[in-house]
Amino acid sequence: MNNLKNYFGMKFIFERDTWQEIYGAIRKNKIRTIITISGVTWGVFLFVFLLGMAKGLDNSFRSQFNDFATNTMFVWGEQTSMPNKGFKRGKGIQLTLDDVDVLKSQIDDIEYIAPRNVTGRWGTPPGQFVRGSKSGAFSVYGDYPTIDKVSKKKIFDGGRFINEEDIKYQRKVCVIGEDIYKQFYEKDENAIGDYVQVNGIYFKVIGVYKPTQMGFEGDDSIFLPFTTFQGIFNQGKKISWMVITAKPDKDIVQTEATIKTKLKQLHDVHQADDQAFGSFNMGEAVAKTNGFLTGMRLITYIVGIATLIAGVIAIGNVLLITVKERTREIGVRRALGATPGEVRGQIMLESILLTFVAGLTGFILGTMLLWGINNAIGTNEDIPILNPTVDFFAVVGALLSIVVLGTLIGLIPAQKAVSIKPIEALREE
Amino acid sequence: MIEIKDLHKSYQMGSNSLHVLKGIDFSVKEGELVAIMGSSGSGKSTLLNILGMLDEPDAGSYVLDNVPIKALNETKAARYRNQFLGFVFQSFNLINYKTALENVALPLYYQRKKRKERTERAMSYLEKVGLAEWATHLPSELSGGQKQRVAIARALAANPKVLLADEPTGALDSTTSYEVMDLIQGINDEGKTILVVTHEPDIADMCKRIVHLKDGVIVEDRKVEQVRASQYV
């Protein structure tokens, strides 16, 4: 180790004079220095920027999924594709509240189950919404409060979502979307407690919900208590679909299979019939998105690291040219008593210093750009970037790696400098 | 101070071997001022390079201040150069991005002297060569004669045993050449051993001894009556 230290001339790394010599050499040609470091600066800048954007995208996706419990699934009835028990293929399947009761009592995996009804979607007519002289057509949902546990509805201050009492007494209350509020109310007008008509029946507005990015309700739907919806639209026990959340320790994909098996039994559907029930589970969607994000991160790292290496090689290249340019200076230094170790050490420290300063500059510029982007985007939900930041350890790791790379690449010009015989250097005109 | 016995040196020029030094015997006592003369190709620069430990002889012995100079690795050669020798070159070889003072202080930097001491000593040598007020100037702001005086101050800064000057006046006009020689004579008067390689007879006459090289051997070695440069300045 001692030999190694002497070999690299490490003992003078910490001397102020060494750095003054290096500063003198670097200062000598500012343009050269700037060109030299620009490659690494650009590389680190790109690395920080890409990493930040990937993180921002990641954060944004995650915040959207956070509205939803990830172990959630949806199931609805479609048409059979196989004849079974005397029924021809093509039989329409209608889910009912009875199915919900059976699933709730027989399948242990289920944490929450929320049957839902809708009109105004998938070919059903929308509800007519009237306030004063204005009217409009919007989708109307019949919901249990349970749905709030699966997909949290954000309600503006002062309002609330549907509760158990509303269900129990079939109250004529509704929660409306922000867009409906904007269309029907003046700015700053209080909608809570106001009476509106849905399909000719008066409802009391109890809340206005904020738009969500996930789901299909948009910001222009009307939510009624499930039981109220049942009565008004004459649904009986029919439901449009159900939303099910599995217990935290259960695998949602497994739960989905169990539930569909049970539903096939209940509706006399052949077990091999894949068409009778439609379903979708968030677990898979999240896994796919995670896969996409992981891929993004991987690409970011590959591009970033490749750019960094290219930058460091550029530094090595310029230093090599510099050594050639400085042949005479190196010869003079050696004639005056610089040892090979000192010459080598100086060139290598120049390389390390340049890569480090370049890396730091790139990091600062990249961070500033991310900060600027973050401020510009703010909470604009149309752009899927949230809080684009870089991981501290990734940055420290990147800086350390370029210093190591700078050291390695500096070895080449340093060796070149040492191989110059002072006599040849001095003879060169 | 310098003892050289049967020194040989050849260079490979492609398939031909060029025998440059063909057995040089030569000694220099402390306080001498020796001119090494010869036409181009006579081997005078090669001899100086070997004396300066910038090149190695093929055969023969070289003793400098009772230290045998042989089989030196680069590190040791660098240390010896720093300790024993001061170099003055024809083309000055000042580092162009360092001020006069910084150039003079450079050998002291490689001696690991403290910054304060380096600056003080460098300043005193700059005063000695009459360039104290030019201390903060870059070489590009100095005249040829001034540059060579800075180079001489730099060669002296480490207080070497021997000063080796390779055509110190080769790039200067005659008036400036005499000024530089006046300075060299003054340094020699104080007791410093100095070797000057030159092909100009008037410069050689300003030394105390002339060694004439021809085709790799010493053909003449005589003491001369020193012409003082000060009378021309």
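Predicted model: local features only at pLDDT ≥ 70, side-chain atom pairs only at ≥ 80, totals over all residues.
Reader: Start with chain B as a whole. How many helices and strands has chain B, and what percentage of its residues is buried?

Author: Chain B has seven helices and 10 strands. Of its 233 residues, 48% are buried. Among contacts in chain B with a separation of 6 or more, 67% are between residues 24 or more positions apart.

Reader: How do I read the pairing of strands in a sheet?

Author: Strands of a sheet pair through backbone hydrogen bonds, in either the parallel or the antiparallel sense. In chain B, an open sheet of four strands runs in the order β2-β1-β4-β5, with antiparallel pairing.

Reader: Which strands of that sheet stand at the edges?

Author: They are β2 (16-28) and β5 (67-68) of chain B. Each has a single partner strand, so one side of each has no neighbour in the sheet. Further in, β1 (residues 2-13) of chain B is joined to β4 (residues 59-64) of chain B by five bridges, and the two run antiparallel. One residue pair to look for is Lys5(B) with its bridge partner Ser61(B) in β4(B).

Reader: Now the faces of a strand. Which way do the residues of β3(B) point?

Author: In a regular strand the side chains alternate between the two faces of the sheet. In β3(B), Leu33(B), Ala35(B) and Met37(B) point one way, while Val34(B) and Ile36(B) point the other way. Five of the five residues of β3 (residues 33-37) of chain B are buried, so this strand is largely enclosed by the rest of the structure.

Reader: Which strands does β3(B) pair with, and in which sense?

Author: Four bridges join β3(B) to β8 (residues 193-197) of chain B, in the parallel sense. Another four bridges join β3(B) to β9 (residues 209-214) of chain B, again parallel. Ile36(B) stands opposite Val197(B) in β8(B), and Met37(B) stands opposite His212(B) in β9(B).

Reader: Which residues form the covered face of β6(A), and which the uncovered one?

Author: Strand β6 (residues 195-198) of chain A has Val196(A) and Val198(A) on its covered face, with Tyr195(A) and Gln197(A) on the uncovered one. β6(A) pairs with β3 (residues 127-131) of chain A over two bridges, in the antiparallel sense. There, Phe129(A) stands opposite Val198(A). β6(A) also pairs with β7 (residues 201-209) of chain A, antiparallel, over four bridges. In that pair, Val196(A) stands opposite Phe203(A). The hairpin of β6(A) and β7(A) has two residues between the strands, and Asn199(A) takes a positive phi near 50° there.

Reader: Next, helices. At what angle do α3 and α4 of chain B pack?

Author: Two packed helices are described by the angle between their axes and the distance between the axes. Helix α3 (residues 100-110) of chain B and helix α4 (residues 115-128) of chain B pack at about 120°, with axes 8 Å apart. The two are therefore oblique to each other. Their crossing is right-handed. The contact includes Leu101(B), Val104(B) and Leu108(B) from α3(B), and Ala122(B), Met123(B) and Leu126(B) from α4(B). By class, this contact has 10 nonpolar, one polar and two charged residues.

Reader: How many residues does each chain give to the contact between A and B?

Author: Chain A gives 17 residues and chain B gives 21. On the side of chain A, the elements giving two or more residues are α2 (16-28), α11 (327-335), α12 (340-377) and α14 (422-427). The largest share, five residues, comes from α11(A). The chain A side divides into eight nonpolar, four polar and five charged residues.

Reader: Is α11(A) buried or exposed?

Author: Eight of the nine residues of α11(A) are buried, so this helix is largely enclosed by the rest of the structure. Among the buried residues are Arg328(A), Glu329(A), Arg333(A) and Arg334(A). Gly337(A) follows α11(A), with a positive phi near 120°.

Reader: Last, where is Val233(B) found, and which residues is Val233(B) in contact with?

Author: Val233(B) is found in the segment after β10 (217-223) of chain B. Val233(B) counts as exposed because it has 12 C-beta neighbours inside 10 Å. Leaving aside neighbours within four places in sequence, Val233(B) is in contact with Tyr178(B), Glu179(B) and Asp182(B). Thr176(B) is 57 residues from Val233(B) in sequence, and the two are 8.4 Å apart in space, C-alpha to C-alpha.

Conventions
Residues numbered from 1 in each chain as written. Chains lettered and ligands numbered in written order. Axes fitted to C-alpha atoms, helices over the stretch in contact; angles between N-to-C directions. Parallel < 35°, antiparallel > 145°, perpendicular 65-115°, else oblique. Left-handed = near helix turned anticlockwise from the far one by under 90°. Contact = placed C-beta atoms within 7 Å. Nonpolar A, V, L, I, M, F, W, Y, C, P; charged D, E, K, R; others polar. Pairing = 2+ DSSP bridges. Buried ≥ 20, exposed ≤ 12 C-beta atoms within 10 Å, placed from the backbone.
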